[in-house]
Structure formats: C-alpha cells, structure tokens
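Biologist: I've got the model open. Can you walk me through it, starting with the charged contacts?

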Amino acid sequence: MYQIRFCDSIAKIPATIWDPLCNTDYPFIQHAFLLALEESGSVCAATGWQPMHMQLLDEDQQLIGVMPLYLKNHSYGEYVFDWSWADAWERHGLNYYPKLVTAIPYTPAQGPRFGCRLPDNQACQFFYAGIRQLSQQVEASSWHGLFVPESLRLHFSAQQCATRMGLQYHWFNRGYTSFDDYLDHFSSRKRKNLRKERQKIQDQGIAHHWISGLEVSDEEMEHFWRFYQMTHLKRGRRGYLTRAFFEQLRHSLAEQMLFCFARRDGHTLAGALFFRDQTTLYGRYWGSVDEFDSLHFETCYYQGIDYAIAAGLERFDPGAQGEHKIARGFEPVPTWSVHHIEHPEFSHAVTDFVTEEAAQLQQLQQQLRKSLPFRRHDDSA
C-alpha cells in the first residue's frame, strides 16, 4: 500500500512538496535550511553527513511523508553524545559506524522531525519500517532520532526504540511586559546581580541593536562570519558551517533570521545569530573580537529575553548546555532522543543505560529547579 524511498539530496524533493508536508514554521526543518546545509557543503558525505532522506509514497506514487535522514561515520555535530557507545562496540570487535541519524545537523533544538499526511502514530510505524530496511541494506549499527518532541518520543517508544533524556535550559514568557517586570519575579539578591551585569554593558559604552536577515548588510555579514570563526578557533577547531551556508540563508530564510550586534564608538564588537518562529526564539551562534565583562550574557541571553518579551514569544531556547543559565531564569527542561539498536544484546544494554541516566537527570532537574532565581511563590510557575 505504501512505499518507502530514499533520496541522496533534498534538492531532489521540491520545496513546494516538502514544506507543506512538514506544515510548520519551525525554522530548522524548512526546506531552505536543509538545502543551505547541503548546497554550502556543510552537510555531505565528505563531512560525514551523507543525506539519505526518507520519502513515504502512497499507492498512487504521491509523496505523502518526508523525514530528514543521514548516514554518518562519526558522532560530531549531534549534541547527544554516544562516544561511549561507539567505544563499547569497538571493544567487542564490532563497528558502531556507519549509523543512521534523523536530526537537524549541528542544531540541538527540539522540534518536528518529519512531515506526513498520516497521523503521527501511523507515520512513525512506516518510517520505522523504512529505517529497519535501510539499516540492514547499509549495515548500520543503529538509528538515532535526536531532539524529538515528546509526542514522537512516545510513538517511537511504541516501536521498541530506547528513549534517552537530556537537559537544556529554556526561558518561558509568563506574560512579562518588560525585562524589569521579569526581574520583579526574582528574589532581591538575584535581581540585583542581573542588574549589575546589565549595567556593566552600559558602563563600557556598549549598545546593542537587532536586525533581520532581510536587512542585514554585506558589512554586517562579514562581521558575523568573523565572529563565528573566532569562537571556534578559540577552541582549536574550525566551525562546522561554511560561509556559503549563512549567505544562502540570508536570502532563503531571511524572515526567520535575526542578528544582534554589539557596538561601541562606531565599532562592531560582537554579534549573535538567532532564528524564530511564531512561538519561539532560538539562539544559535555568537562571537566577539575580544573579552568584555558580561558581554556574552547580554548578547546571547538578556537581549534574547528582551526580544522575546517585545515580540510576545512564548519561549527562548538559547542553545545546548550551560547550567550558568539557571541563575538567569532559564529553566531545566527535558529533551528527548530515540534509538534503535540492531544488535539485540547491545539494544538491551543501551536501554538499561538510558533508563539509569534518565533517573539521574530527573533528580538533577529537581535540584536545579531549586536554584532558580524566582521568589519562592513563583517556583511552581
């Protein structure tokens, strides 16, 4: 009745079919975003992300479902760390790579991971069958669906996939009218700490301004590219993304692309790139020409909160990791990934591992919530 097919380039699937099937303004599953990754050379077989996007066709050979899918020979750029799993396979004389991954490359932001005209539970059954089929064809050790929504976690769990919990730190808009209104919900001491951090930016004569992808200039793009490179070079490596990726998005996804630049005395000191949809602001990349007291916090967090409040957005996802976000009101929230392991014994071992890991993370989440800066009567808000 239904047929699964695989495609080695998203360019072969028209945006006029892909985007209506996905039916969401979540930026990272947009055809334009995934196409920019591939056409810029950021995602390809040479970088270890070989596209093998899954398509679901009905009996009339009409495309009714799509899922991003990649064949990988490493675990870089995923942000759900499975290096210890790869080591375990190797110790037993087995190959962990290649593996299959459904994710948005280099983007640890939870959101939709497929589009389909069928109900999600039925779509998951067919996509899972396709995953099993391809895994056997390419001799993949496993399939990993990363940063999936809660609903998809439950559907894939019903297909006997192991589910793995992670933690991120997100900001939620509870009807705040301004940043000061937001801070009024903090305890007195912690409110003063944040105000001091923001004051340091003013004392250094630094001002911020926002600009959309529709309006960003060539000069500003040059600044941002330099900042992006410097951030990665400080860590001794090159960035995953090419300049062509950002340049292409500047034109193809401009309405959902935002830049926040920090300036002083006519000089651009730092910049951050954000994306947005109707409900959420997503912080992605940042960099600066030098170290400035509290500039990272202001550019990447406080400016984002200001923007989300002014735009009436519900949530601000500033990116992966960072318990330091707790003191600034970003709440610990669970993220989810789903995993199919071909080897039966390793499948049981992974299930035991993620179950134990989730128990530890749930305990950590409860502890971290106690460290949130809100006044006691807001703890449950």
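Modeller: Asp218, Glu222, Arg243, Glu247 and Arg250 are linked in a network of salt bridges. A salt bridge here is a side-chain nitrogen of Lys or Arg within 4 Å of a carboxyl oxygen of Asp or Glu.

Biologist: Before we go on, where do the coordinates and numbering come from?

Modeller: This is a predicted model, so local features need pLDDT of at least 70 and side-chain atom pairs count only at pLDDT 80 or more, while totals for chains, interfaces and linings use all residues. Residues are numbered from 1 along each chain as its sequence is written, and side-chain values use heavy atoms, with hydrogens and water left out.

Biologist: OK. How many salt bridges does the structure hold?

Modeller: There are 20. One of them joins the side chains of Glu357 and Arg164, at 2.8 Å from N to O. Glu357 sits in helix 11 and Arg164 in strand 9, so this pair links distant parts of the chain, 193 residues apart. Helices (H or I, at least four residues) and strands (E, at least two) are DSSP runs, numbered from the N terminus.

Biologist: Is Glu357 buried or exposed?

Modeller: Glu357 is buried, because its relative accessible area is 17%. Arg164 is buried too, at 9%. Buried means under 20% relative accessible area, exposed over 50%, and partly exposed in between, with a 1.4 Å probe and protein chains only.

Biologist: What about Glu331, which side chain does that one meet?

Modeller: Glu331 meets Arg174 in a salt bridge, 2.6 Å from N to O. Glu331 counts as buried because its relative accessibility is 4%. Arg174, at 38%, is partly exposed.

Biologist: And Arg195, what is its partner?

Modeller: Asp184, with the closest N and O atoms 4.0 Å apart. Arg195 is in helix 7 (residues 188-203) and Asp184 in the loop between helix 6 and helix 7, 11 residues apart. Arg195 is partly exposed at 38% relative accessibility, and Asp184 is partly exposed at 38% as well.

Biologist: Changing topic. What volume does the largest pocket have?

Modeller: About 960 Å³. On a 1 Å grid over the protein atoms alone, a pocket is an open set of points where a 1.4 Å probe fits, with protein on both sides within 12 Å along at least five of seven lines; lining residues have an atom within 4 Å of a point. Grid points are joined across faces, edges and corners, and the volume is the space filled by probe spheres set on the points.

Biologist: Which residues lie nearest the centre of that pocket?

Modeller: Tyr79, Thr231, Arg235, Arg284 and Ala320, out of 40 lining residues. The elements that give two or more residues to this lining are helix 8 (218-233), strand 12 (267-276), strand 13 (280-288) and helix 10 (295-311). Strand 13 gives the most, with six residues.

Biologist: Anything on the end of strand 13, say where Ser288 lies?

Modeller: Ser288 is in strand 13. At 5% relative accessible area, Ser288 is buried. Its C-alpha atom is separated by 19 Å from that of Ser212, a residue 76 positions away along the chain.

Biologist: And the second largest pocket, how much space is in there?

Modeller: About 360 Å³. It is lined by 20 residues, and those closest to its centre are Tyr79, Met165, Gly166, Leu167 and Thr335. Strand 9 (162-172), strand 15 (331-341) and helix 11 (344-369) each give two or more residues to the lining. The largest share comes from strand 9, with six residues.

Biologist: Last one. Which residues does the cis peptide bond join?

Modeller: Tyr97 and Pro98, with omega about 10°. Pro98 is in the loop between helix 3 and strand 6 (99-102).
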